[in-house]
Amino acid sequence: MKRHTTLGEFIIENQKDFPYASGELSALLSSIRLAGKMVNQEIGKAGLVNIIGASGIENVQGETQQKLDLLAHELFTSTLRSRGEIAGLASEEMEDFLVFNDDIHRRARYVVLMDPLDGSSNIDVNISVGTIFSVYRRISPVGTPVTLQDFLQPGNQQVAAGYLAYGSSTILVYTTGNGVNGFTFDPGIGSFFLSHPDMKVPEEGNIYSVNEGNYVHFPTGVKKYIKWCQDVDESTNRPFTSRYIGSLVADFHRNLLKGGIYIYPQGTKLPEGKLRLLYECNPIAFIMEQAGGKASDGHTRIMDLAPEALHQRVPFFCGSKKMVEKAEDFMAQFTN
Ligand code: P6P
């Protein structure tokens, strides 16, 4: 009986795709796989051991950290540190980046930026949440402690990016710049198996994902695009369907599979939008582009934006190529 390839086998088989592969990226992805299993385990039993609910501690975003946020952050940080492949790490849960300042880690060639558990507002109501990660080669000299510049690289310099979606099943989706592949976790065996080889997003879709509760705060271009989605026009399969879970990874994963667009625009309440450029928009944009889609801030390609700060927020338009282009047309037409 032909069985599916495991994530570990796939990483080894495709190691040649990674130009500087000396096993480091493979080991790095393996540590993400291990931490993902541990977080999945904790999420699966969260309702039972009362680790749900606010920890009472606020993170840099001023958001009350859920206990699972903190746990996910600790699990990924310790697992990534233990393998010796990365010289430092930036996380939504930390104000500053973490320097792994010892001989082994100073010689490491990669840095990781991550949102350990995105969708925190959904954690204790049992709705899908996710982990998002982004990997760069450091630009500071190997053998020295990493610097802020190692983390403020544009998204077009990413060497790998991915997410885990902890939902009805748990799936790990990642790219190293050679297409997108998805691996579904089999809890009975404890392994991730290749379930979604060479993922491609439909060029057109009919799902739009936006929090319309913020409509009055949106730029005119977004308001016009939303009304366009709601117009009746059978020739373009409109009105489209509105689907918004409030968990980026869940909304993104559905749109990646079925076609669609996710928009978190700027607004008067959030003049730069809500999503963070470095550890949400860039990795998700890398995956979407590798799957044939597009990601911009409404005008400029997300991965070409020059980062200025670790927790910088940007407006985010991401999904099927033709849908993002249509939204960008409205943004170009109505500039206020
Ligand atoms: P709103 C979760 O906090 C998150 O960062 C994304 O996962 C999600 O898409 C978005 O914020 C939801 O934000 O303002 O619509 O509740």
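Biologist: At what angle do H6 and helix H9 pack, and how far apart are their axes?

Modeller: Two packed helices are described by the angle between their axes and the distance between the axes. Here H6 and helix H9 (residues 321-333) pack at about 130 degrees with their axes 7 Å apart, where axes are lines fitted to C-alpha atoms, for helices over the stretch in contact, and angles run from 0 to 180 degrees between N-to-C directions. Helices (H or I, at least four residues) and strands (E, at least two) are DSSP runs, numbered from the N terminus. H6 and H9 are therefore oblique to each other, given that angles under 35 degrees count as roughly parallel, over 145 as roughly antiparallel, 65 to 115 as roughly perpendicular and the rest as oblique.

Modeller: This is a predicted model, in which local features need pLDDT of at least 70 and side-chain atom pairs count only at pLDDT 80 or more, while totals for chains, interfaces and linings use all residues. Residues are numbered from 1 along each chain as its sequence is written, and side-chain values use heavy atoms, with hydrogens and water left out.

Biologist: Which residues in H6 and H9 meet?

Modeller: Contact means heavy atoms within 4.5 Å, and by that criterion Gly221, Val222, Lys224, Tyr225 and Trp228 of H6 meet Met323, Lys326, Ala327, Phe330 and Met331 of H9. The residues of this contact of H6 with H9 divide into seven nonpolar, one polar and two charged, where Ala, Val, Leu, Ile, Met, Phe, Trp, Tyr, Cys and Pro count as nonpolar, Asp, Glu, Lys and Arg as charged, and the others, Gly among them, as polar.

Biologist: How do H2 and H3 cross?

Modeller: The axes of helix H2 (residues 24-44) and helix H3 (residues 67-83) come within 9 Å and cross at roughly 155 degrees, which means that H2 is roughly antiparallel to H3. Among the residues that make the contact are Ala27, Leu28 and Ile32 of H2, together with Leu68, Leu71 and Phe76 of H3. The residues of the contact of H2 with H3 divide into 14 nonpolar, four polar and two charged.

Biologist: At what angle do H7 and H8 pack?

Modeller: Helix H7 (residues 248-258) and helix H8 (residues 277-290) pack at about 10 degrees, with their axes 12 Å apart, so H7 is roughly parallel to H8. Leu248, Phe252 and Leu256 in H7 meet Glu280, Ile284, Ile287 and Met288 in H8.

Biologist: How many residues surround the ligand, and which are the closest?

Modeller: A residue is near a molecule if one of its heavy atoms lies within 4 Å of it; here 13 residues surround the ligand, and the closest are Asp118, Tyr244, Leu248, Tyr262 and Tyr264. A polar side-chain atom of Asp118 lies 2.5 Å from an oxygen atom of the ligand, while for Asn211 the corresponding distance is 2.9 Å and for Lys274 it is 3.0 Å.

Terms used:
A polar contact is a pair of N or O atoms within 3.5 Å; within protein, one must be able to donate a hydrogen and the other to accept it, and residues adjacent in sequence count only if both atoms are side-chain atoms.
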